[in-house]
Amino acid sequence: MSRVSKSLKNAKVGVFFFIASIFVQFFSRKIFLDNLGDEFIGLETTLRSVLGFLNLAELGIGTAIGFTLYKPIFNEDHKEINKIIALLGVLYARIGYFIIAAGIVTSLFFPIIFDDGQFSLLLVYFIFYALLFSSLLSYFANYHQSLLGADQKGYIIQGYFQTLIIVRVIIQCFVAIYLQDFYLYITLELLFSILYSIVLRQKIRKEYPWLIINSKEKGEVIKAYPEIIKKIKQVFVHKMSTFVKNSTDNILIFALVNVQSVAFFGNYQLIITKLAGLVKMAFAGTGSAVGNLIAEDDKENIKKVFWELMAIQFFVAGFFSLILFYTMEPFIILWLGEKYVLAKTTLILLIANFFIFQISSTVERFKNAYGLYGDTWAAGTEALLNLGISFFCGRIWGIDGVVLGTLVSLILLVVIWKPYYLFKKGFKKSVWYYWKGVLPLVILFCVSAFAVNFIAHSFTYDRESADLWDWVIYAIFITFVVTGIYGLSLFLFNTGFKNFVFRVKVMAIRKIGK
């Protein structure tokens, strides 16, 4: 199967299961809030964020190993793959033991952190340790899935993972409605995590019969790969920065505002996170495809693919950002009720973060594929800026201030620094080549946004009296307007986007002709 075919299969399977998962989770969110309460959902979200902090100990091992696997997979070097997976197992086991110890120490402070008495400490500890054990399975049982990802077979992971999530959430809905049992609700997550580990390991045995699942190689395998250890240390700082950007918002809102606000913010976060996940699924396999492309070292093809992906990513970012701006608040009202609507500025800041994250994804993919993790100072600076500004502004403006910290750090380090680093160290070219290609894309988006805004105001939508059908019609109208104006603008004025459209057209014709 070709690199493009694998990428498309990853995208199709990923998008299908992810849409199904989103559909179930949006319905379940309303059920959980109504039957389990805002406070419980806020507590669970906060504990997940605390656990995310502990998982920083993962050090970015998976990312570094994935980069190392591209070449042996391309060369079908099974012996080398087995050695790298053995190294992954040794490192993950050590990190797993560290996370257990760190989790125990962290939990000792729960009587101080959760002293408001809303929930018993027994429940707090039960939730935390159930979630902790679920995450530990990734280190002791599921680490082989890194091979599937590097081999552009992420569709296997997503197929099993999302199916089990859907089944689990449906059962949790029944528990919430008929039993309202917090303990059983969390126990189901633990049980399904164990089931996923069992199913995944069986599939890996079938997919790679030559793979040594339980390698006897221990510490000596670490000495054989000093370069990987160096990459891991570099990736750790980048992982820490990513965690600060994505996971500390809930903790800061809990500390600076209240636990209920975590649940309110979590509703918006759920929509944007799921949408970002959907986009990620649509681009599933492109990371490893880029890695394989760079392994082939065809510089002209690398350049062409980069600008095609940049154009596609800009379209995706602009398309969803505009739709979110016009449809998200009305959807929140229909989904949960007027009281769950946050300030308009919060929505704009969240969309701005989403947009920047999407347009920077292509740079991140190529940067990772080249193994460019040496800019640890940039990642550290980004994390400190994010945390510092979020804390300072959060004390003044609450939720908006927390989100603003993420936006400022993204602009300074992700938008400005990372392209410079990629072009200097990876492409060996001046960063002005990047800006010459990106600035026209930015202008096209801004012009399109103004045009969409002008037309959108011609559609009358009364969110106070509208029902679900009215919202669907409104959303379809906005979607057609954005697609027509923004999509057509990119097709007419951007070569990369035009090349992508023609590539898809040719592939579709071949598919139909079979």
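**Helix H16.** I began with helix H16 (residues 361-369), which is mostly covered, 7 of its 9 residues being buried (under 20% relative accessible area, with exposed over 50% and partly exposed in between, using a 1.4 Å probe and protein chains only). I noted the buried residues of H16 as Ser-361, Thr-362, Val-363, Arg-365, Phe-366, Lys-367 and Ala-369. After H16 I found Gly-371, which has a positive phi near 70°. Helices here are DSSP runs (H or I) of at least four residues, strands (E) are runs of at least two, and both are numbered from the N terminus.

**Ground rules.** The model is predicted, and I kept in mind that local features need pLDDT of at least 70 and side-chain atom pairs pLDDT 80 or more, while totals for chains, interfaces and linings use all residues. Residues are numbered from 1 along each chain as its sequence is written, and side-chain values use heavy atoms, with hydrogens and water left out.

**Salt bridges.** I counted a salt bridge where a side-chain nitrogen of Lys or Arg lies within 4 Å of a carboxyl oxygen of Asp or Glu, and by this rule the count comes to 8. I then looked up Asp-38 and Lys-339, which form one with their closest N and O atoms 3.7 Å apart. This pair joins distant parts of the chain, 301 residues apart, with Asp-38 in helix H2 (residues 38-54) and Lys-339 in the loop between helix H14 (299-335) and helix H15 (344-359). Asp-38 is buried at 7% relative accessible area, whereas Lys-339 counts as exposed at 53%.

Also in H2, Arg-48 and Glu-44 meet in a salt bridge of 2.8 Å, N to O, and they are separated by about one helical turn because they are 4 residues apart in that helix. Arg-48 is partly exposed, at 33%, but Glu-44 is buried, at 6%. I recorded that Glu-44, Arg-48 and Glu-189 are linked in a network of salt bridges.

In helix H9 (residues 182-207) I found Glu-207 and Lys-203, again 4 residues apart, about one turn of the helix, and their salt bridge has its closest N and O atoms at 3.8 Å. Glu-207 counts as partly exposed at 25% relative accessibility.

**Asn-82.** I located Asn-82 in helix H4 (residues 78-107), where Asn-82 is buried with a relative accessible area of 11%. Setting aside neighbours within four places in sequence, I found Asn-82 in contact with Trp-210, Leu-211 and Ile-212 (heavy atoms within 4.5 Å).
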